[in-house]
Amino acid sequence: MELPDFMSYANKFSQSDFVDKISRVAKRAGSKLVYAALILYYTLQSDKISVKNKAVIIGALGYLISPIDVVPDAIPIVGLGDDLAVLLYVLKTVWTDVDPSIKEQARSKLAQWFDEDEIHEIDDLVS
């Protein structure tokens with residue numbers, strides 16, 4: 001799958017739209033997508049990440065939020081697949097800059113929406 005130019009979606013990102021989207025699609029999206037999105041969201045707030053990486057994160061989160069993307073989110077099963085691909089691509093790009101406390105913060109937030117067995121699906125996210 002070729003990734004879209006997700007940087008063109010940077011202007012679509014806002015914190016309130018992110019929170020709204022994640023809370024609406026959490027169960028349908030699955031724990032991996034939500035965990036990746038939360039890690040990127042919390043990493044964006046860190047002062048330990050470069051401006052370049054923040055720009056890439058904003059583009060990816062903007063892509064997630066945007067209702068207009070390569071595969072519309074309304075299409076069952078595959079609708080969020082392109083969003084997950086973009087999030088994982090960016091997450092792998094910035095993974096070495098992600099503080100362990102951010103991973104734990106994202107995992108704690110995940111526990112509000114998912115059962116423990118669903119949360120275990122994230123263990124191999126970036127391996």
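Me: Before we look at anything else, in which helix is leucine 88 found?

Reply: Leucine 88 is found in helix 4, and please keep in mind throughout that what we are reading is a predicted model. Leaving aside residues up to four places away in sequence, leucine 88 touches Ala36 and Leu125.

Me: How far apart are the C-alpha atoms of leucine 88 and alanine 36?

Reply: Their C-alpha atoms are separated by 6.7 Å, although the two residues stand 52 residues apart along the chain. The protein as a whole shows this kind of link too, for among its contacts with a separation of 6 or more, 74% are accounted for by residues 24 or more positions apart.

Me: How many helices and how many strands does the protein have?

Reply: The secondary structure comes to six helices and zero strands, and from the N terminus on the elements therefore read α-α-α-α-α-α. Of the 127 residues in the protein, 45% count as buried.

Me: How is a pair of packed helices described?

Reply: Two packed helices are described by the angle between their axes and the distance between the axes. Take helix 3, which covers residues 51-65, and helix 4, which covers residues 81-94: their axes come within 9 Å and cross at roughly 165°. Since an angle over 145 degrees counts as roughly antiparallel, helix 3 and helix 4 are therefore roughly antiparallel to each other. The crossing of helix 3 and helix 4 is left-handed.

Me: Which residues make the contact of helix 3 and helix 4?

Reply: On the side of helix 3 the contact is made by Asn53, Val56, Ile57, Ala60, Leu61, Tyr63 and Leu64, and on the side of helix 4 by Asp82, Asp83, Val86, Leu87, Val90, Thr93 and Val94. When the residues of this contact are sorted by kind, they divide into 10 nonpolar, two polar and two charged.

Me: At what angle do helix 2 and helix 5 pack?

Reply: Helix 2, which covers residues 31-44, packs with helix 5 at an angle of about 135°, with their axes 9 Å apart, and that makes helix 2 oblique to helix 5. Helix 2 passes helix 5 in a right-handed crossing. The contact includes Tyr42 of helix 2 and Gln105 of helix 5, and its residues divide into eight nonpolar, three polar and three charged.

Me: Is glutamine 105 buried or partly exposed?

Reply: Glutamine 105, which is found in helix 5 (residues 100-110), is partly exposed, with a relative accessible area of 38%. The C-alpha atoms of glutamine 105 and tyrosine 42 are separated by 8.0 Å, while the two residues lie 63 residues apart along the chain.

Me: Is leucine 40 buried or exposed?

Reply: Leucine 40, which is found in helix 2, is buried, with a relative accessible area of 0%. Not counting residues up to four places away in sequence, leucine 40 touches Ile57, Leu61, Leu87, Val90, Leu91 and Val94. The C-alpha atoms of leucine 40 and alanine 60, 20 residues apart along the chain, are separated by 8.7 Å.

Me: At roughly what angle do the axes of helix 1 and helix 3 cross?

Reply: The axes of helix 1 and helix 3 come within 10 Å and cross at roughly 50°, and the two helices are therefore oblique to each other. Their crossing is left-handed. Asp17, Phe18, Lys21 and Ile22 in helix 1 meet Leu61, Leu64 and Ile65 in helix 3, and the residues of this contact divide into five nonpolar, no polar and two charged.

Me: How is a pair of aromatic rings described?

Reply: A pair of aromatic rings is described by the distance of the centres and the angle of the planes. A search of the whole structure finds three aromatic pairs. In one of them, the rings of tyrosine 9 and tyrosine 63 have their centres 4.7 Å apart and their planes at 85°, so the pair is edge-to-face. This pair links distant parts of the chain, with tyrosine 9 in the segment before helix 1 (15-29) and tyrosine 63 in helix 3, 54 residues apart. Both tyrosine 9 and tyrosine 63 are buried.

Me: Which residues do ring pairs link into a cluster?

Reply: Ring pairs link Phe18, Tyr41 and Tyr42 into a cluster.

How values were computed
Residues are numbered from 1 along each chain as its sequence is written. This is a predicted model: local features need pLDDT of at least 70, side-chain atom pairs count only at pLDDT 80 or more; totals for chains, interfaces and linings use all residues. Side-chain values use heavy atoms; hydrogens and water are left out. Axes are lines fitted to C-alpha atoms, for helices over the stretch in contact, and angles run from 0 to 180 degrees between N-to-C directions. Helices (H or I, at least four residues) and strands (E, at least two) are DSSP runs, numbered from the N terminus. Angles under 35 degrees count as roughly parallel, over 145 as roughly antiparallel, 65 to 115 as roughly perpendicular and the rest as oblique. A crossing is left-handed if the near helix is turned anticlockwise from the far one by less than a right angle, and right-handed if clockwise. Contact means heavy atoms within 4.5 Å. Ala, Val, Leu, Ile, Met, Phe, Trp, Tyr, Cys and Pro count as nonpolar, Asp, Glu, Lys and Arg as charged, and the others, Gly among them, as polar. Rings of Phe, Tyr and Trp (its six-membered ring) pair if their centres lie within 6.5 Å; planes under 30 degrees apart count as stacked, over 60 as edge-to-face and the rest as tilted. Buried means under 20% relative accessible area, exposed over 50%, partly exposed in between (1.4 Å probe, protein chains only).
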